[in-house]
Amino acid sequence: MYVCLCNALTTSDVRKVKSSGVCEPIQVYKILGCSMQCGKCLETIDEILQEKESQSSQKDIDYQKRFSVQVQA
Ligand code: FES
């Protein structure tokens, strides 16, 4: 699931960075070799970084619902 359309970053990309100990969204962009563009993904990336491991599956569903609403609007 894409969380950052400007940089084509996925939830999987963010979680991989998170597993290396990153806890700030700005660090995620830097480690993945990009930078924040529009900033619309900032809150979502922060949520992923803050979530507990057991919440990951439900968060994927929530992100998919949020993305679907944005596409239809
Ligand atoms: S969606 Fe991530 S910077 Fe625009």
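These legends describe close-up views of a predicted model of one chain.

**View 1**
The chain holds 4 helices and 2 strands. Read from the N terminus, its elements follow the order β-β-α-α-α-α. The chain has 73 residues, and 16% of them count as buried. Consider the contacts between residues at least 6 apart in sequence: 48% of them join residues at least 24 apart.

**View 1. The largest nonpolar core.**
Which residues make up the largest nonpolar core? There are 10 residues in all. They are Val-3, Cys-4, Leu-9, Val-14, Val-17, Val-28, Tyr-29, Cys-41, Ile-45 and Ile-48. At least two residues of this core come from each of S1, H1, helix H2 (25–31) and H3. The next views pick out some of its members, including Val-3, Leu-9 and Val-14.

Val-3 sits in strand S1, which covers residues 2–4. Is Val-3 buried or exposed? Count the other C-beta atoms within 10 Å: there are 24. A residue is buried at 20 or more, so Val-3 is buried. Now look along the chain to Thr-44, which is 41 residues apart from Val-3. The C-alpha atoms of Val-3 and Thr-44 are separated by 6.8 Å. Val-3 is also one of the residues of the largest nonpolar core.

**View 2. Ala-8 in the loop between the strands.**
Ala-8 lies in the loop between S1 and strand S2 (9–10). Its phi is near 55°. That is a positive value in a residue other than glycine. Ala-8 has 11 C-beta neighbours inside 10 Å. The limit for an exposed residue is 12 or fewer, so Ala-8 counts as exposed.

Leu-9 belongs to strand S2. It has 20 C-beta neighbours inside 10 Å and therefore counts as buried. Set aside its neighbours within four places in sequence. Leu-9 is then in contact with Tyr-2, Val-3, Cys-4, Val-14 and Leu-32. Cys-41 is 32 residues apart from Leu-9 along the chain. Their C-alpha atoms are separated by 9.5 Å. Both Leu-9 and Cys-41 are listed in the largest nonpolar core.

**View 3. Val-14 and its contacts.**
Which residues is Val-14 in contact with, leaving aside its neighbours within four places in sequence? The list is Val-3, Leu-9, Val-28, Ile-45, Ile-48 and Leu-49.

**View 4. Helix H1 against helix H3.**
Two packed helices are described by the angle between their axes and the distance between the axes. Helix H1 spans residues 11–18, and helix H3 spans residues 42–50. They pack at an angle of about 50°, with their axes 10 Å apart. H1 and H3 are therefore oblique to each other. The crossing of H1 past H3 is right-handed. Which residues meet here? H1 brings Thr-11, Val-14, Arg-15 and Lys-18. H3 brings Ile-45, Ile-48 and Leu-49. By class, this contact has 4 nonpolar, 1 polar and 2 charged residues.

**View 5. Thr-11 in helix H1.**
Thr-11 is found in helix H1 and takes part in the contact with H3. It has 19 C-beta neighbours inside 10 Å. A buried residue needs 20 or more, so Thr-11 counts as partly exposed. Thr-44 is 33 residues apart from Thr-11 along the chain. The C-alpha atoms of this pair are separated by 9.2 Å.

Met-1 is in the segment before S1. With 13 C-beta neighbours inside 10 Å, Met-1 counts as partly exposed. Asp-13 is 12 residues apart from Met-1 along the chain. The C-alpha atoms of Met-1 and Asp-13 are separated by 9.7 Å.

How values were computed. Residues are numbered from 1 along each chain as its sequence is written. This is a predicted model: local features need pLDDT of at least 70, side-chain atom pairs count only at pLDDT 80 or more; totals for chains, interfaces and linings use all residues. Axes are lines fitted to C-alpha atoms, for helices over the stretch in contact, and angles run from 0 to 180 degrees between N-to-C directions. Angles under 35 degrees count as roughly parallel, over 145 as roughly antiparallel, 65 to 115 as roughly perpendicular and the rest as oblique. A crossing is left-handed if the near helix is turned anticlockwise from the far one by less than a right angle, and right-handed if clockwise. Two residues are in contact if their C-beta atoms, placed from the backbone, lie within 7 Å. Ala, Val, Leu, Ile, Met, Phe, Trp, Tyr, Cys and Pro count as nonpolar, Asp, Glu, Lys and Arg as charged, and the others, Gly among them, as polar. A nonpolar core is a set of buried Ala, Val, Leu, Ile, Met, Phe, Trp, Tyr and Cys residues joined through C-beta atoms within 7 Å.
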